[in-house]
Amino acid sequence: MSHEIFNEKFYSYRTVPWHRIGTVSETLESPSQVFEKIQYTVKEFPIFYYDEIGNPHPILNKKVLVSFDETEQNILDVVNAKTDYPEPRKIIELLESLGLPIETMGALKKGKILFATFKLDPFSVVKDRYENYILISAGWGGAYNALWTPVRTVCMNTFRLAMRKAQIVVKVTHRTKNAEILFLQQLNKLINTSLEKIFTMQQKLEQSYHSSVNSDEAKECLGQIYPQYNLDLVPEHRREAYQAINETHRNITELVMQLFGGKMTGHNGEKTRYNLLQAVVEYENFGNLKKDPAMSLLFGERGATIQKAMEVILK
């Protein structure tokens, strides 16, 4: 199934997830309190092969990781025998040290991935609400991961989406010396950096909403985002390709100006830098089908162009 939740091992604070699996709580709970509702374990076992007369022989450089709960066991991976992998409860102890309540927690892919999200303070600019989460995961056979994302993770699909839309990512492999200590240090840095960036972004977006821009200034900004290349400076064998790029950029600029001029979803008619940025975001992500401008703005699918637009328009 697309949610890939392991034996209904999922927790959500207040909001019922789309798959309606697991536990929904009306009160904020700590990582250890939540884990009591979804607990399972992962154990390591040696691997043997049998010769032609049935005698067992160990495979010394490999071991197998197996997940256990009250009803089933699942082989998760075959890994290097020298690497130590923590049990899920040890991950919970690490999360407990943060002192933050859990927004969501779950086990995916038969227990191979344990994830938890912590909610950071959201903010709003006009009608657009910007949600922010820290997603932490441990993958047996993989690594510790932490990232800042606008996605509230409730299943495998949203887990992948959160990874794609991550703004800052920390990764520490299990084979790293003192992996848990290093990961916790990096995690605290990530949270602090995320909060600083969120505050700065909120200030810039609020300022841009009150900053007017006329059509000529808007076209000048778009010219930096979708530039026209001087064909005289391009090698002859590349000119045709660059000529096509220039034509594409002219068409995009025209379309974005149309969105900025009033065709954008939910347009309030004001010629501001904020709305110009929203016009670029709408074109880059959804054309005229934009559904979540706040998420798109910070973490759009066409992230490089949107990041460039933010640098140019919000400067």
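Let me begin with arginine 250, which lies in helix α6, the helix made of residues 239–263. Please keep in mind throughout that what we are looking at is a predicted model. If you look from arginine 250 towards tyrosine 11, you are comparing two positions that are 239 residues apart along the chain, and their C-alpha atoms are separated by 49 Å.

Glutamate 196 is found in helix α4, and with a relative accessible area of 54% it is exposed, because the value is over 50%. Between glutamate 196 and proline 17 there are 179 residues along the chain, and the separation of their C-alpha atoms is 30 Å.

With those distances in mind, let us turn to the whole protein, which has nine helices and ten strands. Its radius of gyration is 25 Å, whereas the globule rule gives 20 Å for 315 residues, and because the value is well over that figure, the protein is more spread out than a compact globule. The C-alpha trace, taken along its principal axes, spans about 80 × 55 × 35 Å. Of the 315 residues, 47% are buried. As for the contacts between residues at least 6 apart in sequence, 56% of them join residues that are at least 24 apart.

Now, where in the structure is the largest pocket, and which residues line it? Its lining consists of Trp148, Gln167, Lys197, Thr200, Met201, Lys204, Gln307, Met310, Glu311, Leu314 and Lys315. The volume of this pocket is about 250 Å³. Two helices, α4 (179–209) and α9 (303–313), each supply at least two residues of the lining, and it is α4 that gives the most, with four residues. You will recall that glutamate 196 is also found in helix α4.

Next, I would like to point out two places in the backbone. Arginine 14, in the loop between β1 (5–13) and β2 (23–25), has a positive phi of about 70° although it is not a glycine. Asparagine 178, which is likewise not a glycine, has a positive phi near 50°, and its place is in the loop between β10 (168–173) and α4. The relative accessibility of asparagine 178 is 48%, so this residue counts as partly exposed.

Finally, a word about cysteines. A disulfide is a covalent bond between the sulfur atoms of two cysteines. How many disulfides does a search of the whole structure find? The search finds zero. Is cysteine 155 buried or exposed? Cysteine 155 is buried, because its relative accessible area is 1%, and the cut-off for buried is under 20%. Cysteine 221, at 6% relative accessibility, counts as buried too.

Key. Residues numbered from 1 in each chain as written. Predicted model: local features only at pLDDT ≥ 70, side-chain atom pairs only at ≥ 80, totals over all residues. Heavy atoms only, no water. 1 Å grid on protein atoms, 1.4 Å probe; cavity = no way out; pocket = protein on both sides within 12 Å on 5 of 7 lines; lining within 4 Å. Points joined across faces, edges and corners; volume = space filled by probe spheres on them. Disulfide = S-S within 2.5 Å. Buried < 20%, exposed > 50% of the residue type's maximum accessible area, 1.4 Å probe, protein only. Rg over C-alpha atoms; globule rule 2.2 N^0.38 Å. Contact = heavy atoms within 4.5 Å.
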